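Let's walk through this model together, one piece at a time. Keep the sequence and the 3D view side by side as you read.

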Amino acid sequence: MRWLPVFKKEMRLYFGSPVAYVVFTFFLLISGWFFSQIFLIYSDISMRSFMQPQFGQNLNVTDTVMRPLFTNMAVVLLFFIPMLTMRLFAEEKRSGTMELLLTYPVRDGEVLAGKFLASMALFAILLVLTLLYPGLIAYFTRVEWGPMLTGYLGLLLIGGTFLAVGLFISSLTENQIVAGFGTFGVLLAFWVIGWGADSAGGTLRTVLQYLSVTDHMDTFTRGIIDTKDLVYYASAIVLALFLTLRSLESKRWRG
Amino acid sequence: MIQVDHLTKRYGPVTAIQDVSFNVEKGQIVGFLGPNGAGKSTTMKILSCFMPATAGTARVAGFDVFSQSLEARRRLGYLPENAPLYGDLPVAAYLDFVAEIKGVSRSTRKARVADVMDRCFVSDMQHRLIGKLSKGYRQRVGLAQALLGDPEVLILDEPTIGLDPKQIAEIRSLIRSLAGQHTVILSTHILPEVSMVCDGVIIIHRGRIVAQGTERELVEQVFPTARVELQVAGPTGDVLAALRALPAVSRVEPVQSRDGATAFVVESPRDRDVREELVHLAASRGWALKELHQVGMSLEEVFIQVVAGEDTEEMTASGGAF
């Protein structure tokens, strides 16, 4: 249970420095912009369907507002999350605090757990702040809370995957810029890899589609919890964390 | 309490330490001396379980630093070189984190943190961010975190670096007060510090231990004779001849004394005090005795002798190759 002090320390560092506030501010600004634009289009369509009823037969908030919003937020996260994770190990290595941290009576796994859970907690707080948007919708019209919850679950999973990958890359370098850009590059690659699926055929198509990190979120935004997608994110998180642990442990015997 | 056996560490082709062995008994304070790049920090990094050795073993409080690392780490406090700390945390919050991670129970944590802050003289800065502190304060916060959890073994890499003279005195007396209860190994460049604080000395040079023992042992080992400085009013040649004629005297060397007159350094075996004989000699010859005192050889002279001796050996060895 020694992960707790590391967790608390990381939270203090997030909120004791401008990092948390800067990320919150700009994420909410950008996702708020997306929400307002999408919501304006939605209200425009619903206005028109009022005059021509056949126009809005399948019109609903989940499909028209929340799904595009969730997808957009996932893409914005791809840009933001590297900035949350890049310092987690790289800065400790650069400043030498890693030397002290590793000589405290705490297992590498506990250090890793503390750091991962702290970044997850920060991310969860960010998601809670975005509940403002469904809250606003609920003020004007009826919200389907089921698909809303699964959508947030999808965001939590994709964010967790991003964080775990970022943590791993941060453990490889002592340069924060390298950690940040490296993470961003890897995440971007796993986003665009799905685009190749359209032109590819056969097995390759299936493989590329399966690898694409954003495709797996689609089912969640539609209100479906598919084990295939759960397994995808869970295994990605476990793999990235496992590699991070190996990278930390290698320090112990490699020096 | 600390046992080091044939420890070797290579960084690629560079050998940082080679076949280093020593023991530190419980409750002792041992000073680790050596020129820059001698391998002091490397040895300390291995002892603190931060870095593995290439060969050899080290045990701290009976636990192997590699295979029983966690147990060893529970029993040691470490202050790395330059005291790396989290600049974005306030002092008290940082020390609270260290206390928690070292397993200090929740009920006593606050008191323990306040206690180490008092002992290291950082209480007045406890709400400041560490990044805003001066080097001296940072160094003392580093020492405070090493003391937390009351570890049996303390490994301090240059604990007094960056402190002003008053702070150095305070920290030295703090470290001195740890003797008996704690086993301390500290590295330093300041030789008098070792004389003041440490029970034993280990001199490391070019990755090898070149001398170890108590300060007295080292002095006797490196300078096997006792020295007395004598200043008398008499013709230099006669005095020199008369001194050399004394049976107990092994060597006499004329030196320039502080006031410009000629003085003589008289060497004799350690177990033989020649001062009385010198007084009798001066009186019988009618030379006025101006000054007579024992010359203690300091650790500094031992250090220079040992390290320089190694260097000349090295030079003659490599000289033969040309």
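The centres of domain 1 and domain 2 of chain B, taken over C-alpha atoms, are separated by 45 Å. Domain 1 covers residues 2-213 and domain 2 covers residues 224-295 of chain B; these bounds come from an automatic or database domain assignment. Please keep in mind that this is a predicted model, where local features need pLDDT of at least 70 and side-chain atom pairs count only at pLDDT 80 or more, while totals for chains, interfaces and linings use all residues. Residues are numbered from 1 along each chain as its sequence is written, and chains are lettered from A and ligands numbered from 1 in the order in which they are written.

Now look for the open sheet of 6 strands in chain B, with mixed pairing and the order S6-S7-S8-S3-S9-S10. Strands here are DSSP runs of E with at least two residues, helices are runs of H or I with at least four, and both are numbered from the N terminus. Two strands pair if DSSP finds at least two bridges between them. Strand S6 (76-79) and strand S10 (208-213) of chain B are at the edges; each has a single partner strand, so one side of each lacks a neighbour in the sheet. On average, neighbouring strands of this sheet are turned by 15° against each other, direction ignored. (Axes are lines fitted to C-alpha atoms, for helices over the stretch in contact, and angles run from 0 to 180 degrees between N-to-C directions.)

Inside this sheet, strand S3 (residues 29-33) of chain B pairs with strand S9 (residues 200-205) of chain B in the parallel sense, over 4 bridges. You can find B:Phe32 with its bridge partner B:Ile202 in S9(B).

Strand S11 (residues 225-233) and strand S13 (residues 262-269) of chain B pair in the antiparallel sense over 6 bridges, and B:Arg227 has B:Glu267 in S13(B) as its bridge partner. Strand S12 (residues 251-256) of chain B also pairs with S13(B), antiparallel and over 6 bridges; here B:Val255 stands opposite B:Ala263. S12(B) and S13(B) form a hairpin with 5 residues between them, and B:Gly260 in the turn has a positive phi of about 95°.

Finally, where does chain B meet its neighbour? In chain B, 22 residues are in contact with 23 residues of chain A, contact meaning that the C-beta atoms, placed from the backbone, lie within 7 Å. Helix H3 (91-101) of chain B is one of the elements giving two or more residues to this side, and H3(B) provides the largest share, 4 residues.

Methods. Two residues are in contact if their C-beta atoms, placed from the backbone, lie within 7 Å.
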